[in-house]
Amino acid sequence: MISSQRQHLILSRLRTRGAVRITALSKELGVSAMTIRRDIADLSDKGLLKRVHGGAVSTSALLSEPLFSVKSQMDIGLKDAIAREAVQYVAPGDVIAIGGGTTAYVFAQHLLESQQTSGITILTNSIPVAELVQALESKDVEVIVTGGVTTRSNSLVGPIADKVIASLRVNTVFLGTHSVSIPRGFLMPNSLEAATDMAMMGIADRTVILTDHTKWSCTSLSLFARFDQVDTVITDDGLDHESIAKTRDLVKELVLAHQSEHTEESE
C-alpha cells in the first residue's frame, strides 16, 4: 500500500473513531510504527489531523471527543503512572467523586486494587467506573451513580446528574480533562459535561485533576475549572519544562508521575 492510500485510510479511521493509535494502525496496515508516524506527521503538516502522544486525533476535537473505547487504548502507560500517584490521595472511609473519561477510569481500577478502598463511598457519573465497582462485589465499597444523559465518553451529564450531585458532599473529586489551557484552565468539548464537572467540584472539599502531558497541546470548547479552583494537578513527567514552570505558578500543587516503562509509542 502506497503512502497516499495509507493516509486516506488513516483519515477514514479518524472520521469514524475520532482518534487513532500508531500501534493499531501499524498492525492493521502491516507496516512499521515509524512509517505510520511519518504518515501522521505529513497529514498534520497539511492540517488534516492533530498529532498526540501515541497517535492522532481529528482536527474537529474542539467540539467532540473520541469514543471511550478508543481513548481507553491510548497513552496507557501515562494513565497508569498518574493513577498510581492519585491513589495516595484517598484514605479508608473517604467519600469521593470520580468523573468521566479514561484517565479517571484507570484511577478507579488502581484504587479498587489498593488497600485504600476500605469503607469508601464513590459518587460517579461514569458508567464504566460504576460497572467496575459493581463487578468488584465488595461490601467495603459503596457506589452512587448520578443518572443523566450519556456522552461519547460514557459519562452521565446534564440537569438530572447536576441535581443529584448538588444534594451530596464528598471529600475529594477526581476529574479528567480534555485539554489544559495556560492561563485559562481546564476544558471539555461537551458543555453539559463541563457543567457536571463544575457541579462535582462544587460539592468537594478538594479537587484533583488527572491528565497526561499531551493535554497541554490540545484545545477545547468549554471551561470547567480555573487553575485557582483546583487543589492538585497530577500529570506525567513527559510535560515540558516551560509548561511545568507556568503550571506551578498557577496551581496549588503539581505532581509529576514517573513512568516506570516507556511504551513503543513514545516519540
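Biologist: In what order do the 3 strands of the open sheet stand?
Modeller: This is a predicted model: local features need pLDDT of at least 70, side-chain atom pairs count only at pLDDT 80 or more, and totals for chains, interfaces and linings use all residues. Residues are numbered from 1 along each chain as its sequence is written, and side-chain values use heavy atoms, leaving out hydrogens and water. Strands (E, at least two residues) and helices (H or I, at least four) are DSSP runs numbered from the N terminus; two strands pair if DSSP finds at least two bridges between them. Pairing here is antiparallel, and the order is β10-β11-β13.

Biologist: Which strands stand at the edges?
Modeller: An edge strand here has a single partner, so one side is left without a neighbour in the sheet. That holds for β10 (179-181) and β13.

Biologist: Which residue is the bridge partner of L187?
Modeller: β11 and β13 pair in the antiparallel sense over 3 bridges. In β13, L187 has as its bridge partner L223.

Biologist: What angle does helix α9 make with β13?
Modeller: Helix α9 (residues 191-202) packs on the sheet and touches β11 and β13. Contact means heavy atoms within 4.5 Å. Axes are lines fitted to C-alpha atoms, for helices over the stretch in contact, with angles from 0 to 180 degrees between N-to-C directions. For α9 and β13 the angle is about 10 degrees.

Biologist: How many aromatic pairs are there?
Modeller: Rings of Phe, Tyr and Trp (its six-membered ring) pair if their centres lie within 6.5 Å; planes under 30 degrees apart count as stacked, over 60 as edge-to-face, the rest as tilted. By this rule the number of pairs is 3.

Biologist: Why is the pair F186 and F224 tilted?
Modeller: The ring centres are 6.5 Å apart. The planes stand at 40 degrees, so the pair is tilted.

Biologist: How many residues apart in sequence are the parts that this pair ties together?
Modeller: F186 lies in strand β11 (residues 185-188) and F224 in strand β13 (residues 222-225). Both are buried, which here means under 20% relative accessible area, with exposed over 50% and partly exposed in between (1.4 Å probe, protein chains only). The separation in sequence is 38 residues.

Biologist: Which residues form the cluster of ring pairs?
Modeller: F186 and F227 also form a tilted pair, 4.9 Å centre to centre with 55 degrees between the planes. F227 is buried. Ring pairs link F186, F224 and F227.

Biologist: Is S126 buried or exposed?
Modeller: S126 sits in the loop between β5 (121-124) and α7 (127-136). Leaving aside neighbours within four places in sequence, S126 contacts G99, G100 and N154. Its relative accessibility is 0%, so S126 counts as buried.
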